[in-house]
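Here is a short tour of one protein model, written for someone who likes to know the cut-offs behind each term. Have a look at the sequence and the coordinates, then read on.

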Amino acid sequence: VKRLPARAAYDRATIHAILDEGLVCHIGFVADGQPFVLPTTYGRVGDRLYVHGAAASRMLRRLRDGLPVCVTVTLLDGLVLARSAFHHSMNYRSVVIVGVAVEVTDPAEKVRALEAVVEHVVPGRWSSVRAPTSQELKATMVLSLPICEASAKVRTGPPLDDPADREIPCWAGEIPLRCLALPPVNDPHLPPGTTPPASVIGYSRRRARPSGG
Ligand SMILES: Cc1cc2nc3c(=O)[nH]c(=O)nc-3n(C[C@H](O)[C@H](O)[C@H](O)COP(=O)(O)OP(=O)(O)OC[C@H]3O[C@@H](n4cnc5c(N)ncnc54)[C@H](O)[C@@H]3O)c2cc1C
């Protein structure tokens, strides 16, 4: 991280915590000279990030063939409103991982990776759903990316206005933002009156937010 390196972190705990709270990663790669950045879900097991998709996916096939990849996860914590247009900002936690992914072909690891993706989205879900059939596994490609070359960047705190601007009669501060689950909606095919499980009713992505300036 070159711009504002004081906001950078490279330790596993920070990087893993951001990855574990995020829901969507953006996968950047260049195919035939054209850059693409595609959103997808993911899971993490130790120092490996797993992404999955249709075996026919162009993105996954290209990445499997060794195309360099950049994966980004962003958590938006707040809008930072300064007294000048220039100093407006956002509070965030983000991770950038670069590297080369490999296809997971070992059947046991493939199932573990898919479990990690499901558990990443809704902890406790895997044990209550039907496991993938061999046909579904065949139709699904799983890639594994080492979380090795990775950086985190974190901004917290109020706007960093120029001292001279503090006299300007304009509200300044932060509008905190967070990902909030609304009450779950039952599938119409459920028997009437079915109560969602605790993992659904109490669903939250919220983890401890960083504090400080
Ligand atoms: C929600 C949000 C809003 C932002 N808004 C702006 C904006 O409006 N304008 C702006 O210039 N920047 C913004 N940033 C910061 C932006 O992501 C870059 O960090 C910044 O632009 C520096 O770019 P650079 O070209 O100097 O980075 P580079 O020199 O290309 O980066 C070098 C290396 O630093 C690491 N790195 C860079 N940025 C990040 C990051 N965000 N997280 C983790 N690792 C990183 C990567 O490993 C990268 O390879 C925002 C970030 C977030 C998360």
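Which residue lies over the face of Phe-36? Arg-58 does, at 4.1 Å from the ring centre; a charge sits over a ring if NZ of Lys or CZ of Arg is within 6 Å of the ring centre and within 35 degrees of the ring normal.

## Ground rules

This is a predicted model, in which local features need pLDDT of at least 70 and side-chain atom pairs count only at pLDDT 80 or more, while totals for chains, interfaces and linings use all residues. Residues are numbered from 1 along each chain as its sequence is written, and side-chain values use heavy atoms, with hydrogens and water left out.

## The whole protein

The protein has five helices and eleven strands. Both are DSSP runs numbered from the N terminus: helices are H or I with at least four residues, strands E with at least two. Its C-alpha trace spans about 65 × 50 × 30 Å along the principal axes.

Of the 213 residues, 33% are buried (under 20% relative accessible area; exposed is over 50%, partly exposed in between, with a 1.4 Å probe and protein chains only). Taking contacts (heavy atoms within 4.5 Å) with a separation of 6 or more, 74% join residues 24 or more positions apart.

## Strand E2 and its partners

Strand E2 (residues 25-31) is largely enclosed by the rest of the structure, because five of its seven residues are buried. E2 pairs with strand E3 (residues 34-40) in the antiparallel sense over seven bridges; two strands pair if DSSP finds at least two bridges between them. Ala-31 stands opposite Gln-34 in E3. The two strands form a hairpin with two residues between them, and Asp-32 in the turn has a positive phi of about 55°. E2 is also joined to strand E6 (residues 69-81) by four bridges, again antiparallel, with His-26 opposite Thr-72.

A pair of aromatic rings is described by the distance of the centres and the angle of the planes. Rings of Phe, Tyr and Trp (its six-membered ring) pair if their centres lie within 6.5 Å; planes under 30 degrees apart count as stacked, over 60 as edge-to-face and the rest as tilted. By this rule there is one aromatic pair. Phe-29 and Phe-36 have ring centres 5.8 Å apart and planes at 25°, so the pair is stacked. Phe-29 is buried at 3% relative accessible area, whereas Phe-36, at 24%, counts as partly exposed.

## Helix H3

Helix H3 (residues 107-121) has 15 residues and reaches 22 Å from its first C-alpha to its last, close to the 21 Å expected at 1.5 Å a residue (that is, 1.5 Å times one less than the number of residues). Lys-110, Ala-113, Leu-114, Ala-116, Val-117 and His-120 are buried in H3. They cover an arc of only 150° around the axis, so they lie on the same side of H3; the arc is that of the directions from the helix axis to the C-beta atoms. Among the elements they pack against are helix H1 (12-21) and strand E9 (140-146).

## Ala-152

Ala-152 lies in strand E10 (residues 149-155) and is buried at 1% relative accessibility. Leaving aside neighbours within four places in sequence, the contacts of Ala-152 include Val-1, Thr-14, Ile-18 and Val-95.
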